[in-house]
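Hello,

I am passing a structure on to you, and I hope you will enjoy looking through it.

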Amino acid sequence: MTDSPRESVVRDADADVVPSEEGTTLAELRHPEAEPLLKNLPYRLRELIPVAAAVGVGIWVLVMTGNIQAHNRGELGPQFWPTMLAAAMIVMGGLLILTNVMRGVRPADIPDHMTWWGMSRLLISGAVLVGYVLLFNVLQFWLITIAATALLVALYGLRGWRALVVFPIIIGAVLHLLFITFLGVPL
């Protein structure tokens, strides 16, 4: 009785290289992302420019945080959150430089070309968020949050009734608990 190539791969799972009938090896079956990395200048610049901008903004926020005057020296002063966010931007940007710019990019990680539908979704999302900010003090918190979340969920393709009804209510409840209940921010 002869084994099929798939059975021989399963049986010899501890071996590093086991050829199959199609010419693939066990190492390729284990790591399908083992494709060659693109290290050309255009791909590295595509990764470097937004990351460098984020790191630059993080450094700018960190420097500007030193100008915030604290009237009382409590546990978490007014400098705490901007400092934490700036530090996170700098650290995450540094990690992205190490993992995407220095190492290279896999072809599967290169985004598709921009389409009109994608650009229109971006513009509609921006309009929904600007409308949310402008109507935040006019309409009730729950109403505007549920409406904006439902519009964004519908825009990005989740059209089942559960996604359009339950998810915005969950988002509104989480924001209510976080800001109104725990942090005491009057929304």
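Predicted model: local features only at pLDDT ≥ 70, side-chain atom pairs only at ≥ 80, totals over all residues.

Residues are numbered from 1 along each chain as its sequence is written, and side-chain values use heavy atoms, with hydrogens and water left out.

**Overall fold**

The chain has seven helices and zero strands, and its pattern along the sequence reads α-α-α-α-α-α-α. Helices here are DSSP runs of H or I with at least four residues, strands are runs of E with at least two, and both are numbered from the N terminus. Of the 187 residues in the chain, 16% are buried. Buried means under 20% relative accessible area, exposed means over 50%, and partly exposed lies in between (1.4 Å probe, protein chains only).

**Helix packing**

Two packed helices are described by the angle between their axes and the distance between the axes. The axes are lines fitted to C-alpha atoms, for helices over the stretch in contact, and the angles run from 0 to 180 degrees between N-to-C directions.

How do α3 and α4 pack? Helix α3 (residues 41–65) meets helix α4 (residues 80–102) at an angle of about 160°, with the axes 8 Å apart. The two are therefore roughly antiparallel, and α3 passes α4 in a left-handed crossing.

Further along, the axes of α6 (residues 141–155) and α7 (residues 161–182) come within 8 Å and cross at roughly 135°. That makes α6 oblique to α7, and this crossing is right-handed. For the cut-offs, angles under 35 degrees count as roughly parallel, over 145 as roughly antiparallel, 65 to 115 as roughly perpendicular and the rest as oblique. A crossing is left-handed if the near helix is turned anticlockwise from the far one by less than a right angle, and right-handed if clockwise.

In α7 you will find Ala163, which is buried at 18% relative accessible area. Its C-alpha atom is 8.1 Å from that of Ala150, 13 residues away along the chain.

**The loop between α3 and α4**

Gln79 sits in this loop and is partly exposed, with a relative accessible area of 26%. The C-alpha atoms of Gln79 and Gln69, ten residues apart along the chain, are separated by 8.3 Å.

**A salt bridge**

The count is one salt bridge, taken as a side-chain nitrogen of Lys or Arg within 4 Å of a carboxyl oxygen of Asp or Glu. The side chains of Arg46 and Glu47 form it, at 2.6 Å from N to O. Glu47 is buried at 12% relative accessibility, whereas Arg46 is partly exposed at 32%.

Which residues make the nonpolar surface patch? Val130, Leu134, Leu135, Val138, Leu139 and Leu143 do, over about 560 Å². Patches take residues with over 30% relative accessible area and no salt bridge, joining nonpolar side chains (Val, Leu, Ile, Met, Phe, Trp, Tyr) within 5 Å and like charges within 9 Å. Areas come from the Shrake-Rupley method with a 1.4 Å probe; for residues, only the protein chains shown count as cover.

Helix α5 (residues 116–135) gives the most to the patch, with three residues. Leu134 lies in α5 and is exposed at 62% relative accessibility. Val133 is also in α5 and is exposed at 60%; its C-alpha atom is 10.0 Å from that of Thr145, twelve residues away along the chain.

Best wishes
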